[in-house]
Every structure is written in structure tokens, then in C-alpha cells.
Amino acid sequence: SCEMQTFCLHGGQRNLEIKWGDQQLIKSSQVKAWFAKYNILNNLDQTFHIAGYTFQYCNDTNQSNETLSVLENIRDTPRSFLLTISLKEGRNLVIRDRCGTSDPYVKFKLDGKTFYKSKVVYKNLNPIWNETFSIPVKDLSQKLHIKVYDRDLTTDDFMGSASVLLSDLDFDKANELSLSLDDPNSLEEDMGTVLLNMSLSHRDGDNKRSHVWQAPLLCSAGSFQSCRLAETLKKSQLWTSLVFVTLVEAQQLPLDCLGGQLFVRFRLGEQRYKSKNHCKVANPQWRESFTFNHFLDSPEILDVELLSKEGRRPEECLGTCEVNLSKIPVDQRQLFTHTLGQGRGRLVFLVTLTPCSGVSISDLCAAPLDEPQERQIQLEKYSLKRSLKNLKDVGYLQIKVLKATDLIAADLNGKSDPFCVLELGNDRLQTHTVYKTLNPEWNKVFTFPVKDIHDVLVVTIFDEDGDKAPDFLGKVAIPLLSIRRGHQTAFPLKKEDLGGLSKGSITLALDVIFNPVRASIRTFQPRERRFMEDNPKFSKKALARNVLRVQTLCRAIMSTLQYIKSCFQWESVQRSLLAFLVFVVTVWYWEFYMLPFFLVLLISRNYFQIRSGRVSQDQVSPEQRHPCFSHSESERRGLMDKIHMVQETIITLQNLLEEIASFGERIKNTFNWSVPFLSSLAFLIFVIFTVLTYYIPLRYIILIWGINKFTKKLRNPYSIANNEVLDFLTRVPSDVQKVSSAGSADQEAQNPRAR
């Protein structure tokens, strides 16, 4: 299957270059370097490799030029290699933050594109990464660029770069490199060094004895750029076990001041979890749990920090500790009581390491649930008879990411480089990038273990943009309970806030298997929180939408109260009479079981109305219910109209908060004797009510109150409707009214004319 081709080395050893006809394959400087490196002229009988070709040196006595022969597979592309990089650490890196340190991370670029980004090591000029990854390489004549940045909230600062020529690396050998960082635009002479190991090997399928390479069948030369990261992405994304962490409490913490909040931050590789804030006390109790994904090549150290935050001041670290996950037995809960430092207290938490096998990435032809045997295994695993085994494993989700159509053109050439990110809770998987197209086809199958059947699958399409942050192209959110088995569906893409439609659509085929008993039990447990949520930002559109939602809810409550009031007012004799009879019978025969029975009737009534079509179940967004808040309408408004809209929204919110605060303060001031007369009156009423309920059953008291309410309009047609409790509370001043009244009284007492 091989044939011999001949290359001429013109000019002997002085001006070496390899040509195939008129095409120059390898430059002379590279040939000289390889001749010196492999000592070719002293090893004439050996084959060697240059830039993906297998060469054999020979001496042709019939020609004046020395020649090289190459063993080349017919119709094959050049040899493919696997570059494995182990990023170790950095030493004496430059300072980029005001606090005298940096938050460094490293980007690796090949062929002009970033293919790997390390984790961020915070506040450290000698960071330790210990990250290993691999990438397929075709051309050994290119350079690998290593760039170090300082992570900032806005723009990341450049900390220096270095490069490595791949052809200088030894094959099948660990190349230990210490790369000095440099920045031509900086006056700093020493920017530190980065230590890493690199090894270059042949891809799987190479015959190491004959050194004849066979092209892989999965990626042709034309599509290599599109799927060159597929295998690397697949290996780096799949987690093999779960780390369950339960934060219990802290003990004997020193309290320098009483203000501020305490919280705990856990970090495992790139995953970070921040606990809820707790007020500063000596023994704070958190009692919350979460889960980390443990990857095959992720670090084994779980970092734990106890921090304090007060106002706008920066976070203050009160103590740290580490947990080595490699020493934790599988499926055994371990209790850790770590001392944070001398006199700094202790932190108590639980850690459990559990294997996980429900996550995978495969080609479309190897979808797990498409195989009858695998589907039967999953159905058996989540069957009702196994409901009480492994309650945390609720189900199994399969997503076929097929294609997207008519995407937004994010690049100047009118195309995009789209890739897909799938998120289920805190779990995340990603497709490879399809370059220069608006209609990408991924044809990949992803599977997730389902922890909560009420989670929402979020599929987001981004445009890869080199070193810059990827551009958003569209998003889809799909609740797991809405998935129908295996149906291929084209979902229209939405904007980033899911508030309106974007351009294009994505075609998915979804399938979910779950155990209803485990899902029901999980429903009554705390919902999983996001690892590290972004700080909320002010948005006038979100404010207007939330105010509209509250107004809609208040209108529904007021409508219900108005309906009950109309029954007391006998606006409809038939309705009031029926309500009166129901009230009397219910109160007279009341038993506690009637309360859940009434809720059962209410839910059943709404269910049958939906099934009969009288009530629609379709969700309508607030923007659709109220067009004045829609984006298109907002664009047509002038500047003054937008200002007035924001003012109206803020005034409505201000009044709503005033009503809520005043209601709570009036109840508090009733018991605080802010107005002695009203507090005395409330005291007298409570005493009378206590005596009545002691001697008279509550059923009779409620019955008398109801009969009085229903017959009040009949006894006095011109009576005014009232609510005794609310009318009483309107006489009690709120805190603002109490301060204003006190200020006016003092001013009057100090005014001599008033006397």
C-alpha cells in the first residue's frame, strides 16, 4: 500500500530544502535543524519523520545531489500527532493589582486560536496550576503561544507571553520547559517564568516499528479544523464522580466587630460555591449542601475559605483549610472539623465521594437510548421497584444536538463560528466549534444524570472569537417535565434574558427517563443553588417587569376580596344566598380534613377546565400582557417617554414598599405601646376574646361573626362596608408617622407664640 517518492536536497548541506516538484515542502533552516538534531548523515539506514512525513535517507550514485526518500500512504493526509501539555506553575510573575499581587491564568494558542484556558489562581505571584490536557496537531512547523493574564472584573491585564516551536520537541519523551515571559510593550525586564511539561507522540493507530501513519477515519483533512478539539473537549468535560459537601457550622470564631456578614467559599478546580451570608456570631449555623463534579484530570484538593464582608469593603479572609479527595473512601461520608488557625475557630463540614456514570458525549450513530439493551437497562434502573435505592439519582437525560439554522452573523465575513453549551443545573457540557457557517451541524449526543426533575435544560449558542469572550447568538430553555420522548423539535432561539425571540433556531431530540418516587421526594428538599452567581445589575426593564408582576398579583388578590365582599353586600341575591348556606354548613360541620379536601377540589376544578379547553395553560410573558413594557414599543418611545415610564415605575414601587412597611410597623407599634390608648384597647379586646374562646367554642364565635356580616346589609341597607381589623390598624401610626408627630410636638412645645 506504500510507494517510494524521491525528494532532492539541492546544494548539499549548505542550502538544504526539500521540494516535491515546484512545491517547497520544508524550509532549509528547518532541514538543517532536523539534520543536526537527529544526526541523519550518520544514521543513513534509519527512517525519520519531518513535518508529518516519513523520510528515509539514501545515497544515489547516479545523481550529483543527495536524495531523500519518503514513504507515503496513497491518498493519505500528513501524519497526525498528539501534543500533551502539563501546566505546572508560575514563578515570580509580575504585579498587576493594586494590592501588590495578581490573579494569573494562562491561555494556549495554536494556529491563531485559543484551545485551552487554565483556572485562575487568586492573589498569587507563584501560582500552581497542575493541569494536563491534550490536542491533536498536524503541522509541527508552527509555534505554540503561551500567554499569561491577570483576571480583573473589567479587562484582563497582560502579564507576558512565550512561544515554543513544536518541531524542537523530542518525540515520546517528556520535555521539561521553563519559559521566560516577555512583553515588547512593557519596560519590565523580568516578568517571571512558567514551568510546564510537553510531550509529542503519534496518534492512535501509528505503527511505531515501520513509522507509517494511517489517517484517522473520524476526521478528514478538510474537516479537521472543525473537529480538532472534539476529543480534547470530550475528555476534559466528562466527570467521573460527584463530591457531596454539607456545610454544617463554624465554632468559636473570634468577633472583632459585630457588623458584616460571614460566608464560606469552596473551590475545586474551576468550580466554586459560595454559601449563604450569615450574620457575625461566634457559632454560625449554615446547614446547606451542594455537589461538585470531580473530573478525571481535575485537582484532588478541595479548598475551603471562611470570609467576612462588610458593606463595600473588600472581602477579608478569616481562615483557610484543604481536603485531599484522593484520601476519602468512596461512598463513605467523612466528617471534617478543621482548625482555621491559632485562636481563629473551627469549620465543620461533611464530604462524600460517589461514582457517577450518567454523563457521556457520543456521535449520533451511538446514542445510548437508541440501543434497545441500553434503554432497557435505564428503564430498569429507574423503575418503581427500585425507587428507594440511591434517592439522589432521579433520572437520565439524553440530548441529541443536531443542527442550527439561520444564525446571526457575528464575524465581519458574514459568517459565525458557532458552538453549543448545554447546562442542567450546575452541570455543563459543550459541543465542538463548526467554523464559518450560519447553519452548523453538530450531530452529537449528550447525556446528563438528572438530580432534580424540576431543573431546566438551557442550550446556548455562542460564536467563538479567539482570545475574546464568545459572542452570544441565541438561547433555549426547556423544562425537563415538558420533554416528550425522542421527538425531534426545532426550537426558536431567544435573547439572553429569554424575554424575546432572537434570529435562528436549533434542532434537538430530547429523551428523559426518571423515577417518579425519587422525583417526588426530591421536590420537598432544598433546590440546588448556582455555584457562583453574578452580582445583580440594575435594569429598568427588569424593574418595570417585576413591578408589573406584583401589580398583577395584587389585582388578583383584590379581585378575590371584592368577590367575597360582593357576597356580603348581596349584589346578587342568588350568589349571596348560596354563599351564606355554604358558610353556615361548613362552619357547623367543620373538621380539619375539610381544608386539604377543599384544596383537592380546587386543583381538580382547574385541571378539568384546562382539559376541556375553557382555560388556556399557555404562558404569557408580562411584556405580551402589557405592551408598554415590550422592547419594540420601548424603541419607538422618545427619551422623555422613557424617563416618565421609569418615574412611574419607581413611584409605584415606592408606594408599594410604603404600604408593606407601614402595615408591619403598625402591628409592631400596637404591641409597643406607641399610642397607649390603642394598645390599651387592643389589650382589652384580647382579654375579652380569650374569655369568650375559653367558654364558647370557636365554631360558634365564627358562626355569629359570619351571620352578622351576611345580614348587616339586610338589617341596614345603607350601611358602609368595613373591616374592623384594618380599620383599627389605620389608627396606629407607622414609624415614619410617629417620628413626624414627635418632631411636630417638640417644635410646638418650643414655640413661645403657641403658648
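Modeller: Axes are lines fitted to C-alpha atoms, for helices over the stretch in contact, and angles run from 0 to 180 degrees between N-to-C directions. Helices (H or I, at least four residues) and strands (E, at least two) are DSSP runs, numbered from the N terminus. The model is predicted: local features need pLDDT of at least 70, side-chain atom pairs count only at pLDDT 80 or more, and totals for chains, interfaces and linings use all residues. Residues are numbered from 1 along each chain as its sequence is written, and side-chain values use heavy atoms, with hydrogens and water left out.

Colleague: At what angle do helix H7 and helix H13 pack, and how far apart are their axes?

Modeller: Two packed helices are described by the angle between their axes and the distance between the axes. Here helix H7 (residues 573-588) packs against helix H13 (residues 698-715) at about 170°, and the axes are 9 Å apart. H7 and H13 are therefore roughly antiparallel, a term for angles over 145 degrees.

Colleague: Which residues of H7 and H13 meet?

Modeller: Contact means heavy atoms within 4.5 Å. On the H7 side, the residues include Phe580, Phe583 and Trp588, and on the H13 side they include Ile702, Leu703 and Phe710. By class, this contact has 11 nonpolar, 2 polar and 1 charged residues. Ala, Val, Leu, Ile, Met, Phe, Trp, Tyr, Cys and Pro count as nonpolar, Asp, Glu, Lys and Arg as charged, and the others, Gly among them, as polar.

Colleague: In what order do the strands of the open sheet lie?

Modeller: Two strands pair if DSSP finds at least two bridges between them. The open sheet has 4 strands in the order S9-S8-S11-S12, with antiparallel pairing. Its edge strands, S9 (113-117) and S12 (157-165), each pair on one side only. Neighbouring strands in this sheet are turned by 25° against each other on average, direction ignored. Strand S11 (residues 143-150) pairs with S12 over 8 bridges, and Val148 has Gly160 in S12 as its bridge partner.

Colleague: What is the phi of Gln252, and what is the phi of Asp406?

Modeller: Most residues other than glycine have a negative phi. Gln252 has a positive phi near 55°, and it lies in the loop between strand S15 (239-251) and strand S16 (261-268). Asp406 also has a positive phi, of about 55°, in the loop between strand S25 (395-405) and strand S26 (418-424). Buried means under 20% relative accessible area, exposed over 50%, and partly exposed in between (1.4 Å probe, protein chains only). Gln252 is exposed at 53%, whereas Asp406 is partly exposed at 42%.

Colleague: Which residues touch the most other members of the largest nonpolar core?

Modeller: In soluble globular proteins, nonpolar side chains tend to be buried together. A nonpolar core is a set of buried Ala, Val, Leu, Ile, Met, Phe, Trp, Tyr and Cys residues joined through side-chain atoms within 4.5 Å. The largest one has 38 residues, and Leu397, Ile399, Val401, Leu457, Ile461, Ile506 and Leu508 touch the most other members. Apart from this core lies another of 32 residues, among them Phe133, Ile135, Val148 and Leu166. Leaving aside residues up to four places away in sequence, the contacts of Val401 include Cys420, Leu422, Trp442 and Phe446.

Colleague: How many helices and strands are in the chain?

Modeller: The chain has 15 helices and 32 strands. Of its 755 residues, 38% count as buried.

Notes: Parallel < 35°, antiparallel > 145°, perpendicular 65-115°, else oblique.
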